[in-house]
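Colleague: I would like to go through this model with you. Could we begin with the pocket and then turn to the surface?

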Amino acid sequence: MSATEDRSVRFHQVHTEDLGRVRVRKFCEAEDREVSAGETGKGYEVSKDTLVAVTGEELEQMPLPTVKAIEIVAFAAAPRRPNRRG
């Protein structure tokens, strides 16, 4: 059992006129067609019109400082414990 509960609210994007779901589709600009998730990868933009493919293995080997870092954005006060004298 989880020690925390997910209390976030999630919404779907919908078309306001008929509440039809709006989906994000992957589209290849070079071939002017929709592509599947299996056909996609990562590319680094070297210049305005030049991309270089980057594989998952290459990403794992890169010394990125934030891969194992946690950003702390706030601290919460610990709850006060009752005094147990007695």
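Modeller: The lining of the largest pocket divides into three nonpolar, three polar and three charged residues. Ala, Val, Leu, Ile, Met, Phe, Trp, Tyr, Cys and Pro count as nonpolar, Asp, Glu, Lys and Arg as charged, and the others, Gly among them, as polar. This is a predicted model, in which local features need pLDDT of at least 70, side-chain atom pairs count only at pLDDT 80 or more, and totals for chains, interfaces and linings use all residues. Residues are numbered from 1 along each chain as its sequence is written, and side-chain values use heavy atoms, with hydrogens and water left out.

Colleague: Which residues line the largest pocket?

Modeller: The lining is made up of Cys-28, Glu-29, Val-35, Glu-39, Thr-40, Gly-41, Lys-42, Gly-43 and Leu-51. A pocket here is an open set of points on a 1 Å grid over the protein atoms alone, where a 1.4 Å probe fits, with protein on both sides within 12 Å along at least five of seven lines; lining residues have an atom within 4 Å of a point.

Colleague: How much space lies in the largest pocket?

Modeller: About 230 Å³.

Colleague: Turning to charges, how many salt bridges does the count come to?

Modeller: The count is three salt bridges, each being a side-chain nitrogen of Lys or Arg within 4 Å of a carboxyl oxygen of Asp or Glu.

Colleague: Which side chain does Glu-39 meet in a salt bridge?

Modeller: Glu-39 pairs with Arg-33, at 2.8 Å from N to O. Arg-33 also forms a salt bridge with Glu-31, at 2.5 Å from N to O. Glu-31 counts as partly exposed because its relative accessible area is 49%, where buried means under 20%, exposed over 50% and partly exposed in between (1.4 Å probe, protein chains only). Shared partners join Glu-31, Arg-33 and Glu-39 into one network of salt bridges.

Colleague: And what does Arg-25 pair with?

Modeller: Arg-25 meets Glu-34 in a salt bridge of 3.4 Å, N to O. Arg-25 is exposed at 59% relative accessibility, whereas Glu-34 is partly exposed at 43%.

Colleague: Which residues make the nonpolar surface patch?

Modeller: Tyr-44, Val-46 and Val-52 make a patch of about 310 Å². Patches are made of residues with over 30% relative accessible area and no salt bridge; like charges are joined within 9 Å, and nonpolar side chains (Val, Leu, Ile, Met, Phe, Trp, Tyr) within 5 Å.

Colleague: Why does Tyr-44 count as exposed?

Modeller: Tyr-44 counts as exposed because its relative accessibility is 56%.

Terms used: Points joined across faces, edges and corners; volume = space filled by probe spheres on them. Areas by Shrake-Rupley, 256 points an atom, 1.4 Å probe, with all protein chains shown as cover.
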